[in-house]
Amino acid sequence: IKFASPSAGQIREQTEPIKIGRLYEEAGARAISFLTEKTFFKGDIGQMPRLKKTVSIPVLRKDFILDEIQIRESYLYGADDFLLIVRILEMDHLEHLITYAKGMGLAVLMEIHDRDDLEKALRCEAEIIGINNRDLDTFQVDLDRTRDLAPLVPKDKIIVCESGIRHGGDVASLKGLGIHAVLVGSSLMMSDDPGEKAKELILAGEG
């Protein structure tokens, strides 16, 4: 659930995120990612408790998490897990935040962009690794990033493909890489019917 992004600008009017979350769950989604960052993504963490009460699946807080106070905030607002961008955090600080999160019972999605990020995440004993197909400098998206990096991830890790998923064909093209989930934002939120679009992607993953 995101209403804007730095690369796409305004994606959808800031309508009721609770309704969208319910549509995703009814479509068969296994978790919901909720953008809470205000400046670039027009998010509102104040909506998270209501979203969490409305759905029965895990809710991921997606934001620029840099400090343990944000992790505590995520916990207090009802998040089940949250995203850490490996590239923007020093190793010691990354390890500290992960330890702090585990102490609160929160899962962590570790977002990587290249092999250096992957090595760093594995040194932190990451359990869930998100491969972001978007170049942070150019905003260009290339699913080959997942195709290149996924085979390098140990089999005991959960792999999430992030960014660039537009239709069921994209999901189908990633099969055989050991990917467990896709995190989709823009193509769902741009759709006239986010629920039906979610069904399309989910069926492609299950078929």
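Which residues make a nonpolar surface patch of about 360 Å²? The patch is made by F40, F64, L66 and I88. Patches here consist of residues with over 30% relative accessible area and no salt bridge, where like charges are joined within 9 Å and nonpolar side chains (Val, Leu, Ile, Met, Phe, Trp, Tyr) within 5 Å. Accessible areas come from the Shrake-Rupley method with a 1.4 Å probe, and for residues only the protein chains shown count as cover.

The model is a predicted one, in which local features need pLDDT of at least 70 and side-chain atom pairs count only at pLDDT 80 or more, while totals for chains, interfaces and linings use all residues. Residues are numbered from 1 along each chain as its sequence is written, and side-chain values use heavy atoms, with hydrogens and water left out.

Helices (H or I, at least four residues) and strands (E, at least two) are DSSP runs, numbered from the N terminus. L66 counts as partly exposed because its relative accessibility is 42%; buried means under 20% relative accessible area, exposed over 50%, and partly exposed in between (1.4 Å probe, protein chains only).

Helix 3 packs against helix 4 (residues 91–103) at an angle of about 25 degrees, and their axes are 10 Å apart. Axes are lines fitted to C-alpha atoms, for helices over the stretch in contact, and angles run from 0 to 180 degrees between N-to-C directions. Helix 3 and helix 4 are therefore roughly parallel to each other, as angles under 35 degrees count as roughly parallel, over 145 as roughly antiparallel, 65 to 115 as roughly perpendicular and the rest as oblique.

Next come the charged side chains. Side chains of opposite charge can pair when their charged atoms come close. A search of the whole structure finds 11 salt bridges, each being a side-chain nitrogen of Lys or Arg within 4 Å of a carboxyl oxygen of Asp or Glu. One of them joins R87 and D114, at 2.6 Å from N to O. This pair links distant parts of the chain, 27 residues apart: R87 is in the loop between strand 5 (81–85) and helix 4, and D114 is in the loop between strand 6 (107–112) and helix 5 (115–123). R87 is partly exposed, at 35% relative accessible area, and D114 is partly exposed at 26%.

A salt bridge also joins D170 and R166, whose closest N and O atoms are 3.2 Å apart. D170 is buried at 6% relative accessibility, whereas R166 is exposed at 53%.
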